[in-house]
Amino acid sequence: MDMSQYRVLFISESREYLRSINDLIVALEKDAGDRETIDSLFRMAHSIKGMAASMEFGDIAELAHKLEDLMDRVRKGVLAFDTGAADLLLEGADLIEALIADIEQDSPQSRDIGELIQRLADYHPPLSRKSPQEPRQIPDKTLELPLPQTSAPPLVDERKGERRKRMTDSPQTVRVKTGVLDHLIDLTGELITNKYRLMTISSQLGSASLNEACSDLAKLLRGLHDEVMKVRLIPFAAISDRFPRVIRDLAKKSGKEIAFEVEGREIELDRGILEELSDPLVHILRNAVDHGLEPADERLAAGKSATGTIGLTAHRGNDQVVISVKDDGRGMDPAKLITAAIAKGIINQEEGSLLSAREALMLTCVPGFSTAEEVTAVSGRGVGMDAVKSSIQTLGGTLQIDSTPGKGSIITLKLPLTIAIIHALVVRCAHLKVAVPTTNIVQTMELKRELITTQGKRKVFSLGEELIPLVSLNRIFGVPLAPITGAAIPVFISEVGGRKIGFVIDSFIGQQELFVKPLGRPLARLKGLAGGAILGDGEVVFILDVANLL
Amino acid sequence: MTIRLMIVDDSLFMRNMLRGILESDGHQIVAEAANGVEAVAKYLEFRPEITTMDIIMPVKNGIEALSEIISLDAGAKVVMCSAIGQESLIQTAHMAGAKDYLLKPFKPERVKEVIKRVAGA
């Protein structure tokens, strides 16, 4: 029988099981008596074994079989589930994952599974001081039950209608290749570009009926866009569920005690964003463990509990998803950061004195900056907060740091709901049209000239109590400045590195949806540009990456 | 002869594989279920001629589902699927009314043979 047709499904389903196995092991460590979790772990190892055996992947089948055996011993109360068992099971899951990756890449490696198999088979927990935690005595739900003697059969016919209704109510799902979803959003994006083209033609022709057809088309496209976006949404849990395992490993390596809490697992994000978010979040969590949280003795001396807490939260804001990582560790001192940055030659004394507390905290995101006195096994040298920041910005998001010395830090990421199709404000700078994602705009205004003052070399104006520096977008792009006419100049305000900046432009053109396309080489290397898009009249606009513009 | 079948297994991979084997033999899969509860409900809805039933499943295991189906329809033809090394479970299933069993990993020829035999019985 040709099994190659089932390979992709084998890989994806095994990975799903492995992910759950990771989560469940970490959960079981917290509540070793949870019968349902024990059963699930047993069942999942069993499933992987069955699939691998069918595919004739002997190593995986054998490993899974040993994991299943170990869980079976736990199930039967022969073996207590302890840290040693958890470590072995996790090691086994990791090795299976590696073997699956080999299969996926068609690159069989010689991996020694024998040694781990031996350890799994031989595992006996060291005699503990207290008696091992017995699995809670809940009747075994899965197996080897005395068969229920047939009681009065339910009245089938009467209940049938109700049952059928319930089945149609339950959401039916299908599996779709992710490539298809990407293609759908691409097509929708092209359609939206085309809609603007039609609208341009329609207004040139002055045809009322074409105009009407265009506005119907616009409505339908909005509906299509919404639906396509919806199928691309994946709950935050898809990545956050593996973090307890990450934290567990980090805690072990660093010898710190950590309580990890996740909130907002159900919050949905675009697949494309979620995929790019995993690595930056792991970096941030790593930094929190390594640089944020103090060792237990230091915490106790500071009057804190020995166990440090890291909280990961996701929630929906207005057209945004806000994700934050909060720790109750030692926090960061802006003054110390400034001193360190000056010592490293990243900024000079004068620049240092001008930085606000929030700007000083952002120094941690400057390449080459690290406050860690030593390189540690966990995060190395201040692991790339600069890399984290730039990947968040590439997604059209922002990163903010808040910290109180002695109390802890909060890293907040604000992300757009989607990256492929965005709302943008198109503005003019001399002959250039440039699009600014509306999520990056705090405010637009016609600024009266007399409100502009000069501070040192900078032009500034006050907005409420804030003094906002003005920057000319024309000057940044090296295009001619507009002649000074009129009493007011158009300005949009954006946040750059936690600070509001007013960008002066020639004029506002209007707001519209844009289908963002990557620029490709060599344009993609230009700082401050997030991509390109085509307007209705066929003109190409650059999309501004405001955060990286200055 | 086309036989109308239902496949019960919590693994999509296993269901697909079994479907592949059975369809290649000209049979029709009228329903699939991923656990015992779904299996009982779909049995009543689709009334398959033969049901293949995995044993180790979440929510409700295969043996419980088998018993429930037999209690609702004494003539139900259910073939149990199980991994090697679980022969004791097959014994239990047999006493609960299972007509036959298939061992995993599935051997296509054996699957086809068992299904034909059970259908003819």
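Two strands pair if DSSP finds at least two bridges between them. Keep that rule in mind, and remember that this is a predicted model.

Start in chain A. One open sheet here has 5 strands, in the order E16-E8-E9-E18-E17, and its pairing is mixed. Look at the two ends of that order. Strand E16 (507-515) and strand E17 (529-534) of chain A are the edge strands. Each has a single partner strand, so one side of each is left without a neighbour in the sheet.

Now zoom in on one pair. Strands of a sheet pair through backbone hydrogen bonds, either parallel or antiparallel. Strand E8 (residues 421-429) and strand E9 (residues 432-437) of chain A run antiparallel, joined by 6 bridges. Within this pair, A:Val426 stands opposite A:Ala435 in E9(A).

What lies across this sheet? Helix H7 (residues 178-205) of chain A lies across E8, E16 and E17 of chain A. Its direction makes an angle of about 145 degrees with E16(A).

Helix H7(A) has a helical partner too. It packs with helix H8 (residues 208-232) of chain A at an angle of about 165 degrees, and the two axes are 10 Å apart. Angles over 145 degrees count as roughly antiparallel, so H7(A) is roughly antiparallel to H8(A). The crossing of H7(A) and H8(A) is left-handed. Which residues meet there? From H7(A) come, among others, A:Leu181, A:Leu184, A:Ile185, A:Leu191 and A:Lys195. From H8(A) come residues including A:Leu210, A:Cys214, A:Leu217, A:His225 and A:Arg232. By class, this contact has 16 nonpolar, 4 polar and 2 charged residues.

Move on to another sheet of chain A. This open sheet has 5 strands in the order E2-E4-E5-E7-E6, with mixed pairing. Its edges are strand E2 (258-263) and strand E6 (398-404) of chain A. Each of these has a single partner strand, so one side of each is left without a neighbour in the sheet. The twist from one strand to the next averages 10 degrees.

Strand E4 (residues 308-317) and strand E5 (residues 320-327) of chain A run antiparallel, with 8 bridges between them. A:Gly311 has A:Lys326 in E5(A) as its bridge partner. A helix lies across this sheet: H11 (residues 271-292) of chain A spans E2, E4, E5 and strand E7 (408-416) of chain A. H11(A) runs at about 20 degrees to E5(A).

Turn to chain B. How many helices and strands does chain B have? There are 5 helices and 5 strands. From the N terminus on, they follow the pattern β-α-β-α-β-α-β-α-β-α. Chain B has 121 residues, and 50% of them count as buried.

Finish with one residue. B:Gln28 is found in strand E2 (residues 28-33) of chain B. Is B:Gln28 buried or exposed? It has 12 C-beta neighbours inside 10 Å, so it counts as exposed. Leaving aside neighbours within four places in sequence, B:Gln28 is in contact with B:Thr2, B:Arg4 and B:Leu5. B:Gln28 and B:Met6 are 22 residues apart in sequence, yet their C-alpha atoms are 8.7 Å apart in space.

Note on methods: Residues numbered from 1 in each chain as written. Chains lettered and ligands numbered in written order. Predicted model: local features only at pLDDT ≥ 70, side-chain atom pairs only at ≥ 80, totals over all residues. Helix = DSSP H or I, 4+ residues; strand = E, 2+ residues; numbered from the N terminus. Buried ≥ 20, exposed ≤ 12 C-beta atoms within 10 Å, placed from the backbone. Contact = placed C-beta atoms within 7 Å. Axes fitted to C-alpha atoms, helices over the stretch in contact; angles between N-to-C directions. Parallel < 35°, antiparallel > 145°, perpendicular 65-115°, else oblique. Left-handed = near helix turned anticlockwise from the far one by under 90°. Nonpolar A, V, L, I, M, F, W, Y, C, P; charged D, E, K, R; others polar.
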